[in-house]
Amino acid sequence: MVAVNGTGEAETEKVNTHIVTLTRFLTEEQVKHKEATGDFTLLCHALQFSFKSIAYYIRRATLVNLTGLAGSSNTTGDEQKKLDVISNDLFIEAMRSSGKCALLVSEEEEDIIFFRDSAHARYAVACDPIDGSSNLDAGVSVGTIFGIHKLAEGSRGTKEDILKPGTELVAAGFTMYGASAQLVITMKGGSVNGFTLDTGLGEFILTHPNMRLPRSRAIYSVNEGNSLYWEDHVKAYFNSLKEAPEGGKPYSARYIGSMVADAYRTLLYGGIFAYPADKKSPKGKLRILYECAPMAMVFENAGGQAVDSNMRRMLEVVPEHIHDKSGLFMGSYDEVEKVKAFHKK
């Protein structure tokens, strides 16, 4: 390709031909495991199709009247947006047609969806099809969060195959739909990799390989509108962040109000994201299976930490039911250590 520079001279624009797509990345990862059957790769292809479809509909939402309420609420009591319903349907069909998913837990569905026709399926998926959908009408970034479990040996898919701690996840991640669609994925014991959707190619391209959280960063992200209901040690912790140390500066506050967007910014720049349990919501507000556990896996594999409001490692928390909730603190390793120190006081 030829471009003209500021002096009017022609220059040859370099085109990057070494492109790693998500499809290529998954195939190369599969080759590393001799025992791999290809089922997990096919499941991930189905997932990425649903992410591309959701990204497409979000871009067109205002043009084709997909914003606003659908006239019902989901199983956790949130008012459903039209795009919530569409995205949920897209996700269900993608998992059903893949033939590799035995059961699906969605925030939008009260009960587990079993795909009994997929007799040889070996995986269970938990997802929040559009997290932060109350922000859709304002054009604020929203996202999809997912976690993948493997069925127990010999199981055809039961509730016990999904009601497991995050330590049992085989893969997890999220897609943020903003100025561009950003997919972050990690696998058990692996690194965290970020992909950007190239709408021209229709492919997710590897743009953030081996993502690592800074060890510490003076940024906090929390809804301080809930501070009236916080426990005293939580108040003390956040108040301490606003005090400038000797010769230093206080922490900066950054809060979007969309978990995926806040988590993605924290993953890139470091700091702490928190949604503590409080007196109004003693168990917390975030769902363990498809919000807390997948995010915790991403943050731990990127060198950070994630704990619940009792300072238990988030990945070790076992949900009591599919929509069970928890408080959450996650972010840079040293920042979470500071949270733990205040909890002990």
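How many of the 14 residues of helix 6 (residues 288-301) are buried, and what does that say about the helix?

Author: This is a predicted model, so local features need pLDDT of at least 70 and side-chain atom pairs count only at pLDDT 80 or more, while totals for chains, interfaces and linings use all residues. Residues are numbered from 1 along each chain as its sequence is written, and side-chain values use heavy atoms, without hydrogens or water.

Now helix 6. 13 of its 14 residues are buried, so the helix is largely enclosed by the rest of the structure. Buried means under 20% relative accessible area, exposed over 50%, and partly exposed in between, with a 1.4 Å probe and protein chains only. Helices (H or I, at least four residues) and strands (E, at least two) are DSSP runs, numbered from the N terminus. Gly303 follows helix 6, and its phi is positive, near 95°.

Strand 11 (residues 192-198) is another enclosed element. Six of its seven residues are buried, so the rest of the structure largely encloses this strand. Two strands pair if DSSP finds at least two bridges between them.

Strand 11 pairs on both sides. With strand 10, the sense is antiparallel, over five bridges. Ile185 stands opposite Asn193 there. Four residues separate the two strands of this hairpin, and Gly189 takes a positive phi near 75°. Strand 11 and strand 12 also pair in the antiparallel sense over five bridges. Leu197 has Phe204 as its bridge partner in strand 12. This hairpin too has four residues between its strands, and Gly202 in the turn has a positive phi of about 70°.

Elsewhere in the sheet, strand 5 (residues 101-106) and strand 7 (residues 123-131) pair in the parallel sense over five bridges. Leu104 faces Val125 of strand 7.

The largest nonpolar core has 40 residues, and Phe91, Met95, Leu104 and Ile148 touch the most other members. Helix 2 gives the most to this core, nine residues. Apart from it lies another core, of 33 residues, including Ile145, Met259, Tyr264 and Met297. A nonpolar core is a set of buried Ala, Val, Leu, Ile, Met, Phe, Trp, Tyr and Cys residues joined through side-chain atoms within 4.5 Å.

Beyond four places in sequence, Phe91 touches Leu47, Ser50, Phe51, Ile54, Leu104, Val125, Cys127 and Thr144. Contact means heavy atoms within 4.5 Å.

Ile185 and Phe51 turn up again around a cavity. The largest cavity is lined by Leu22, Cys44, Leu47, Gln48, Phe51, Phe146, Leu183 and Ile185. Helix 2 (39-60) and strand 10 (181-187) each give two or more residues to this lining. A cavity is a set of points on a 1 Å grid over the protein atoms alone where a 1.4 Å probe fits but cannot get out, and lining residues have an atom within 4 Å of a point. Helix 2 gives the most, four residues.

Asn135 sits between strand 7 and strand 8 (142-150). Asn135 is buried, at 14% relative accessible area. Leaving aside neighbours within four places, Asn135 contacts Val140, Val142, Gly257 and Ser258.

Definitions and conventions. 1 Å grid on protein atoms, 1.4 Å probe; cavity = no way out; pocket = protein on both sides within 12 Å on 5 of 7 lines; lining within 4 Å.
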